[in-house]
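Biologist: Hello! Could you walk me through how the two chains meet?

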Amino acid sequence: MSGWFGGYGGQFVAETLVAPLEELEAAYQKAQASEEFLGELDDLLNRFIGRPTPLTRLRRLGVETNGCTLWLKREDLTHTGAHKINNAIGQALLARRIGKQRIIAETGAGQHGVAVAAACAHLQLDATIYMGRVDAERQAPNVQRMELLGAEVRLVDNGTATLKDAINEAIRDWIAHPDSTHYLLGSVVGPHPFPTIVRGFQSVIGREARQQFQDAVGGLPDAVVACVGGGSNSVGMFSAFLDDPVRLVGIQAAGEGLGPGGRHAAPLLYGEPGVLQGTRTYLLQDDDGQILLTHSVAPGLDYPGVGPEHSHFKDTGRVEYRTASDDQALSTFALLSRAEGIIPALESAHAVAGALELAEELPSGSNILVNLSGRGDKDLVSALAALRERDGADR
Amino acid sequence: MRRLEHAFADSQRETALVAYLTAGYPNLDETVNLVDAACAAGADIIELGAPFSDPLGDGPVIQATTQQALRAGVTVAATLDLVAKVRATGNDVPIMLMGYCNPFLRYGLPKLFADAASAGADGFIVPDLPATESSDWLVEAERHNLGQVFFAAPGSSPERLRRTAQKSRGFLYCLADNGVTGVRDRLADGLDAYLARVRAAATTPVAVGFGISRPEHVAALRGKVDGVIVGSALLKRIGAATTWQQRIAETTALIGELKEACR
Ligand SMILES: Cc1ncc(COP(=O)(O)O)c(C=O)c1O
């Protein structure tokens, strides 16, 4: 494993973390070749997570815009409600093999935190979850879930008190306890080997979806769309289609929708390469290299960096990166609920919003596969409040 | 490199004392005075921190100082200016620039090393740059004859220690313990055995940092290492003082006590 995706990636970490990262890489490589590990993982994916998740054909959205068919890969139907559990259970199993009893993790939307808490409870590991105070407030039900599942939730007040700050605190904890603790990173970000390991555990999404699409329709979809925060659900989905003649589209958070000058979380569109949290990748930064504040209504997308493989895909052009704004995501949150009976996570609503825009540009009859990364239960309070504020009395 | 080599020349008789200060804390003018006070009280090397928004290797004390410096608008360029100002006072103590990768990369490595050399800095200490990712930095460090310091950690394998020490220019920064920077009450268990391993792997001078806060710590390390590095303990004393005169006095007092223990 090289740890580089073109000129992106690497291992820019404190010397203290080099040994545990090397240990993790070796353990992952051994596990990938172990029938026992793969068998146990498969069993957990089927019987604990509820895989395979279905592929749902939408009846109205897309069809009514331009005669396009939207197919949703239903990661919202996994146990704990988002794709995050695919990686959480895989890494927790790996940590147990290495002999690390204590697990730490960061969480933004709370979905990764809940997934880690559930995986650790199931495998009887100890979980400590770092979460920005702002995120904890806007995703309160997930804090309760983590605690009910037996995890310790540590709130972080530094910086903007969101995902990046939670990752900083988790890394500091790991620097203090490199021997006893596994850092269960939740996306394809951070130092090598995390981007490769997390992609590996999330690639089940793309493998299933590609087969399911072939079974349902025959052939391949015309485009595949996913939202890109750190980039794990998208890389997991795209990984099965990289060699296919299929358009791959990643949707980043445009926040206020004012382009590079407004508040947003779209480093792949408005950022420049730099080094943050162990990896070289596109970042939102100022002229002095300080990391900028970000904004998205979706906490899971509210991050100034992105997985290094996406930076490589951007430069090679293999994946096209577009945006959806807070406003579009909120409208789509309500629309998908009413028109199709599916309440999406605000993160996933960005993907659906992006797919609906794409549907208007594609020829009638096109098939668009969208990864619905998670469900919206966690967002009800904040999304309904935001919709009420936006639409005022006329709702 | 000349000034750095000189600072460690007599280290078996007297441990070199490295004092960490954050550029622009509590403000840029005062940093110049604090550097001078630390040197007058016996600091042999100054480690000057350029602030970064996400200092992953730092605990609360240093984080608070870099946040304050950032709020005041201190940049890499301002940090380089500060070095030039210190040199203008006639101070000839080696000054190592400490900072995280991103602001330095953003400044541009060729320009960074050129400007650092002309400002009178002696090299770089970059806690999120392991030797294995450092080839571009080392090219520039060689070109300008500046130091480029890498780290040893308690968990580093013997092979890793050997290769890291080989690449480190100026000295090897030996992390006394796992964890981020911060004041610690006592030295880590097993430190002596670990220092012996580092010593066996390194031909460069070895300086120990992280948690070194008291004269007893420094005294316990005499003869076992070439240098000791003090940061959080100094900034904590400075932060507790309320006037600039007191800040100078606290710096003079702590550095003086620690230097005494070096001899
Ligand atoms: C439901 C959901 N979708 C997407 C994301 C974004 O992460 P990634 O880009 O790694 O898939 C998150 C992150 O918290 C999430 O909870």
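**Where the chains meet**

Modeller: Gladly: 34 residues of chain A are in contact with 33 residues of chain B, contact being heavy atoms within 4.5 Å. This is a predicted model, where local features need pLDDT of at least 70 and side-chain atom pairs count only at pLDDT 80 or more, while totals for chains, interfaces and linings use all residues. Residues are numbered from 1 along each chain as its sequence is written, chains are lettered from A in the order in which they are written, and side-chain values use heavy atoms, without hydrogens and water.

Biologist: What area do chain A and chain B bury between them?

Modeller: Buried area is the accessible area (1.4 Å probe) that two parts lose on being put together, summed over both. Of that area, 48% lies on carbon and sulfur atoms. The total for chain A and chain B is about 2,600 Å².

Biologist: Which three residues supply more of the area that chain A buries against chain B than any other three?

Modeller: Their part of what chain A buries against chain B is 27%. They are A:Glu15, A:Arg172 and A:Asp288.

Biologist: How many salt bridges are there between chain A and chain B?

Modeller: A salt bridge needs a side-chain nitrogen of Lys or Arg within 4 Å of a carboxyl oxygen of Asp or Glu. B:Asp54 and A:Lys164 form one, at 3.0 Å from N to O. The count between the chains is 4.

Biologist: Why does B:Ser156 count as buried?

Modeller: B:Ser156 touches A:Glu15, B:Leu161 and B:Arg197, leaving aside residues up to four places away in sequence. Buried means under 20% relative accessible area (1.4 Å probe, protein chains only). B:Ser156 counts as buried because its relative accessibility is 6%.

How values were computed. Buried < 20%, exposed > 50% of the residue type's maximum accessible area, 1.4 Å probe, protein only.
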